[in-house]
Amino acid sequence: MEQLKVLIENFDFITWQMVVMWAIGGVLIYLAIAKEMEPTLLLPMGFGAILVNLPINPAAIEEAIQAGEHLPGVQGVLQTLFDIGIAGAELFPLMLFIGIGAMIDFTPLLTNPKLMIFGAAAQFGIFFTLALASLLGFDLKDAASIAIIGAADGPTSIFVATKLGSKYLGAIMVAAYSYMALVPLIQPPIIKLCTTKAERKIKMQYEGKPVSKLTKILFPIVVTMIVAFVAPDAVALIGFLMFGNLIRECGVMQSISETAQNALANLITIFLGITIASQMKAADFLQLDTLIIIGLGLIAFIFDTFGGIMVAKVMNLFSKKKINPMIGAAGISAFPMSARVVHKMGLEEDNQNFLLMHSIGVNVSGQIASVIAGGLILALVQAVI
């Protein structure tokens, strides 16, 4: 009888907002399983969204908060993970960057350094959205945190929003990672809108020049040192990213490199996904500001893609060797999804049009550029306030 009484009481605490969040969680799980869109991320996010919105006696939560104790049940566990892994020392984003760095092969970029131009151009949406969010009434810290969604880089978004103490951290994290997973749906229509069929058919020869092992080892070290001078606030992010790449390229830590690329990256991604969901409580998430933030994040993605494509089109006005403007879209940093999207679109236009190496080069340059952009945003905001 006691258990039945508890069950009936729990039903009394169900609200329509909880039901909406269950539906959102279900959609994320569907996309992860049925559409195979970043399942290691969307599946834990979707399940976590359901988990944190299960009916719990509000009085028990209020008593725990007033007593300075952990929240009851699973909410307490997830909040602890959030405090340790994200809010405290940004541990999860930094550890994930080691895995990402170990995955990245900078050879396409090192053979054609001018691809960095597209990585830089594809950060345009960040600064455009910063201005737009400020005009919409968000204070500078929150506007900057929202704008960094356009980095298409979840760890960078979390790092910047946490450093700036944004009160919209939950919505920013969800938007950043959701848009990263949805790159294959978001980018193709934007690319087609910004390019002609003839431009999408432009073939580019990959002139793969040999890159020495010494160059590959020195590159992550030199980049970290340069960023320390240009954007010191980004040193932690770029340092962990480049440390992961150094593990890959040094040639004497093969097993550790494979662990970082697979076991470490997958484990941290799972923890990160379900920890992000701890911020998807119905009362905090279902607000007008959240919808605006999600909309601004989409605008940042659109203008990042637009910026990379437009720079490629401008360069074609002065270049004898034409550039396929689609590769500029890969500069948004969503590695390696964006590069795959561009490559696939090239093959759809011409089955002999292989753009993968070019788009990968732009994609990894965008990874570096997004971290630098995050550091510049932090420096800009801190200088103003």
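The model is a predicted one, where local features need pLDDT of at least 70, side-chain atom pairs count only at pLDDT 80 or more, and totals for chains, interfaces and linings use all residues. Residues are numbered from 1 along each chain as its sequence is written, and side-chain values use heavy atoms, with hydrogens and water left out.

Let's start on the surface. Phe 127, Leu 214, Leu 218, Ile 221, Val 222, Met 225, Ile 226, Phe 229, Val 230 and Leu 376 make up a nonpolar patch there, with about 970 Å² of accessible area together. Helix α15 (residues 213–230) gives the largest share of the patch, 8 residues.

Leu 376 belongs to helix α21 (residues 356–384). Its relative accessibility is 37%, so Leu 376 counts as partly exposed (buried means under 20% relative accessible area, exposed over 50%, and partly exposed in between, with a 1.4 Å probe and protein chains only).

Now look at how α21 sits against a partner. Two packed helices are described by the angle between their axes and the distance between the axes. Helix α9 (residues 124–135) packs with α21 at an angle of about 30°, and their axes are 10 Å apart. That makes α9 and α21 roughly parallel to each other (the term covers angles under 35 degrees).

Finally, head to helix α17 (residues 254–276), where you'll find Thr 275. Thr 275 counts as buried because its relative accessibility is 0%. Thr 275 and Asp 83 are 192 residues apart in sequence, yet 9.3 Å apart in space, C-alpha to C-alpha.

Definitions and conventions: Patches are made of residues with over 30% relative accessible area and no salt bridge: like charges are joined within 9 Å, nonpolar side chains (Val, Leu, Ile, Met, Phe, Trp, Tyr) within 5 Å. Accessible areas come from the Shrake-Rupley method with a 1.4 Å probe; for residues, only the protein chains shown count as cover. A salt bridge is a side-chain nitrogen of Lys or Arg within 4 Å of a carboxyl oxygen of Asp or Glu. Helices (H or I, at least four residues) and strands (E, at least two) are DSSP runs, numbered from the N terminus. Axes are lines fitted to C-alpha atoms, for helices over the stretch in contact, and angles run from 0 to 180 degrees between N-to-C directions. Angles under 35 degrees count as roughly parallel, over 145 as roughly antiparallel, 65 to 115 as roughly perpendicular and the rest as oblique.
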